[in-house]
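This report describes a single protein chain. Please look over the sequence and the structure before reading on.

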Amino acid sequence: MTVHHDTHTLDTRGDGEVIDVTDLAEKALANSGVTEGIVTVFVAHSTCGVTIIEAEPGCNADLNTVMERLAPEADRWEHNERNADTNGHSHARAGIIGPSVTI
């Protein structure tokens with residue numbers, strides 16, 4: 001079995017930003033020489049998530065609206081209280097979405 005690994009580092013503007021990584025995944029696959037198999041996209045950070053959604057501004061806005069309803073930024077977050085932090089909602093949202101997608 002052939003395995004290929006590729007790593008990319010992306011900078012974000014922060015809370016609620018949606019980044020389309022399709023091109024990065026396609027390039028990694030093309031460079032791998034692998035013609036059949038699976039691709040896993042994984043993010044190694046506790047306030048990020050990976051999902052599949054149509055890369056379209058309306059879908060991105062809808063996803064952010066849903067995340068705000070499920071884990072409102074303005075709520076009281078135990079994480080923020082214990083760590084003098086302000087991103088408890090981001091950790092919760094990342095936990096809901098999950099860190100990876102396998103195709």
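What percentage of the residues in the protein chain is buried? Of its 103 residues, 17% are buried. The model is a predicted one, and every value below is computed from it.

## Fold and dimensions

The protein chain contains four helices and two strands.

Along the principal axes, the C-alpha atoms occupy a box of roughly 50 × 30 × 20 Å.

## Surface and charge

The protein chain has an accessible surface of about 7800 Å². Carbon and sulfur atoms contribute 52% of that surface.

The charges of the protein chain number 6 positive and 17 negative. The mean position of the positive charges and that of the negative charges are 7 Å apart.

## A nonpolar patch

Which residues form a nonpolar patch on the surface? The patch consists of Val 66, Leu 70 and Ile 96, and together they have about 260 Å² of accessible area.

Val 66 is located in helix α2, which covers residues 57-70. Why does Val 66 count as partly exposed? Its relative accessibility is 37%, and the partly exposed class lies between the buried limit of under 20% and the exposed limit of over 50%. Val 66 therefore counts as partly exposed.

Methods: Residues numbered from 1 in each chain as written. Predicted model: local features only at pLDDT ≥ 70, side-chain atom pairs only at ≥ 80, totals over all residues. Heavy atoms only, no water. Patch = residues over 30% accessible without salt bridge, like charges linked within 9 Å, V, L, I, M, F, W, Y side chains within 5 Å. Areas by Shrake-Rupley, 256 points an atom, 1.4 Å probe, with all protein chains shown as cover. Salt bridge = Lys/Arg side-chain N within 4 Å of Asp/Glu carboxyl O. Buried < 20%, exposed > 50% of the residue type's maximum accessible area, 1.4 Å probe, protein only. Lys, Arg positive; Asp, Glu negative; His and termini not counted. Charge placed at Lys NZ, Arg CZ, Asp CG, Glu CD.
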